[in-house]
Amino acid sequence: PYPVPLAAKPSHACRRSPASLQQSFHFEAPDTGTGIRVHRFPASAAMILVVMGVCGCGKTTVGRALAEALDWPFHDADDFHPPANVAKMAAGQPLTDADRWPWLDRIAAELKRVLASGGHAVLACSALKQAYRDRLQAAGDVRIVYLKGDAATIAARLADRKHQYMPASLLPSQFAALEEPADALVVDIRQPVAAQIQFVRD
């Protein structure tokens with residue numbers, strides 16, 4: 001079964017105002033010393049933060065921690081996959097765009113409901129291609145937080161974890177599909193989770 005629509009969550013679950021992010025989300029933040037340039041944006045009254053990246057970059061871990069820090073609801077895009085997609089990935093077969101469009105549209109519809117109600121949320125979603133992000137951002141004020149890491153770092157992480165249906169063998173296809181966002185807050189995954197959260201919020 002698909003998850004409960006995001007909008008079904010009571011508005012009081014989003015107690016912290018995005019005003020606390022005002023200083024974090026501004027344009028053209030300088031290089032952090034890692035060689036990674038970041039882009040930040042002004043906050044708004046209702047906002048979705050999408051934590052994106054390839055499998056194994058830490059989307060769920062960082063997304064949950066960020067949502068907890070902001071006192072916002074957290075949602076995992078994996079929960080919106082239909083059974084056919086889950087079975088395909090579990091068999092080690094990469095999803096095609098035809099597989100992904102209905103999944104992305106389902107997520108975007110829920111994000112739109114959240115924003116229409118004046119709510120906020122953090123969503124963990126691969127969102128590898130710009131077209132996928134465009135699909136999600138069509139819902140309204142949807143901001144992108146990109147967890148950036150190299151293949152060797154992420155492959156080592158995948159070797160130490162077991163995912164319900166995302167085998168490590170799919171990592172090359174994830175990097176092949178990845179189109180790095182030009183307009184996103186870029187987070188270096190080599191930093192501890194707490195430092196990544198602080199970077200987003202400071």
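Is Asp71 buried, exposed or partly exposed, and at what relative accessibility? At 25% relative accessibility, Asp71 counts as partly exposed; buried means under 20% relative accessible area, exposed over 50%, and partly exposed in between (1.4 Å probe, protein chains only).

The views show a predicted model, in which local features need pLDDT of at least 70, side-chain atom pairs count only at pLDDT 80 or more, and totals for chains, interfaces and linings use all residues. Residues are numbered from 1 along each chain as its sequence is written, and side-chain values use heavy atoms, with hydrogens and water left out.

**View A. Asp71 in the loop between helix 1 (59-70) and strand 2 (74-76).** Helices (H or I, at least four residues) and strands (E, at least two) are DSSP runs, numbered from the N terminus. Asp71 is not a glycine, yet its phi is positive, at about 60°. Most residues other than glycine have a negative phi.

**View B. Ala127 in the loop between strand 3 (121-124) and helix 4 (130-137).** Ala127, a residue other than glycine, also has a positive phi, near 45°. Its relative accessible area is 1%, so Ala127 is buried.

**View C. Cys57 and its closest cysteine sulfur, in Cys55.** The two sulfurs are 8.2 Å apart, too far for a bond. A disulfide is a pair of cysteine sulfur atoms within 2.5 Å, and a search of the whole structure finds zero of them. Cys57 is buried, with a relative accessible area of 0%.

**View D. Cys125, a buried cysteine.** The relative accessible area of Cys125 is 1%.
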